[in-house]
Amino acid sequence: RKQTETAVRLLQQDSELKQAADKIAELKTVLEQQNEDIALLRSDAIKLTELRDQASLYQQSLDTLQEEYDVLKVKYDKLFLPARTAAGRQVVTVRYEKRGGAYRIGYKLSENQKFEILTPAALEQRLDDLKKEYPNRLYVKIVIPEDSGLSYNEAWGFTRDILDKYDYYYQQ
């Protein structure tokens, strides 16, 4: 009987050992799966960090391109301003010529008037007053007669100077 009891106990212990071994094998499989999951998570975390770094680089590139676009847009807008027009503007006509070696400046505010001869200082004073009275609306019409006696550089320098200082279009 003792042998039978011992044999039963041994069989029970053997069964318990097999169950424990199965449980250990099952836990080992779960642990291996968890290790694989952890490795995948680490890999995903590395990929996520790389994607964030790449997104940051793309954002920097986008910011740089946006700045370049803004600069080009300003240049484009300057290139394609609407045409200079007297419509809706206060027009003043300035005639510039050289007679007998002396420069003459003619000035008139309306087409019906005759040209009034002014000194350069008097012309600038009148144009200053008109510019204040008609801000962003003063159209300066420069007339250089064909027989003005002026060189190209004299005519162009006078024209550029007056328009740059007083004409609405060049004030923008």
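Is glutamate 116 buried, partly exposed or exposed, and what is its relative accessible area? In this predicted model, glutamate 116 is partly exposed, with a relative accessible area of 35%. The residue takes part in a salt bridge, described below with others of its kind.

**Overall layout**

The chain contains three helices and four strands. Their order along the sequence is α-β-β-β-α-β-α. The radius of gyration of the chain is 46 Å, whereas the globule rule gives 16 Å for 172 residues, so the chain is more spread out than a compact globule. Along the principal axes, the C-alpha atoms fill a box of roughly 150 × 30 × 25 Å.

Of the 172 residues in the chain, 17% are buried. The chain exposes about 13,500 Å², and 55% of this area comes from carbon and sulfur atoms. Among contacts between residues at least 6 apart in sequence, 57% join residues at least 24 apart.

**Charges and salt bridges**

The chain carries 27 positive and 29 negative side chains, and the centres of the two sets are 5 Å apart. The count of salt bridges is eleven.

| Positive residue | Negative residue | N to O distance |
| Arginine 104 | Glutamate 97 | 3.3 Å |
| Arginine 126 | Glutamate 116 | 2.8 Å |
| Lysine 165 | Glutamate 124 | 3.3 Å |

Arginine 126 forms a salt bridge with glutamate 116. Arginine 126 lies in helix α2 (residues 120-133) and glutamate 116 in strand β3 (residues 116-118), so the pair ties together parts that are ten residues apart in sequence. Arginine 126 is partly exposed, at a relative accessible area of 28%, and glutamate 116 is partly exposed at 35%.

Helix α2 also holds glutamate 124, the partner of lysine 165 in helix α3 (residues 152-166), so this pair ties together parts that are 41 residues apart in sequence. Lysine 165 counts as partly exposed, with 33% relative accessibility. Glutamate 124 is partly exposed too, with a relative accessible area of 26%.

Salt bridges that share partners join Arg95, Glu97, Arg99, Arg104 and Asp147 into one network. Within this group, the side chains of arginine 104 and glutamate 97 meet in a salt bridge. Glutamate 97 has 4% relative accessibility and counts as buried, while arginine 104 is partly exposed, with a relative accessible area of 33%.

Conventions. Residues are numbered from 1 along each chain as its sequence is written. This is a predicted model: local features need pLDDT of at least 70, side-chain atom pairs count only at pLDDT 80 or more; totals for chains, interfaces and linings use all residues. Side-chain values use heavy atoms; hydrogens and water are left out. Helices (H or I, at least four residues) and strands (E, at least two) are DSSP runs, numbered from the N terminus. The radius of gyration is taken over C-alpha atoms; the globule rule is 2.2 Å times the number of residues to the power 0.38. Buried means under 20% relative accessible area, exposed over 50%, partly exposed in between (1.4 Å probe, protein chains only). Contact means heavy atoms within 4.5 Å. Accessible areas come from the Shrake-Rupley method with a 1.4 Å probe; for residues, only the protein chains shown count as cover. Lys and Arg count as positive and Asp and Glu as negative; His and the chain ends are not counted. The place of a charge is taken as NZ of Lys, CZ of Arg, CG of Asp or CD of Glu. A salt bridge is a side-chain nitrogen of Lys or Arg within 4 Å of a carboxyl oxygen of Asp or Glu.
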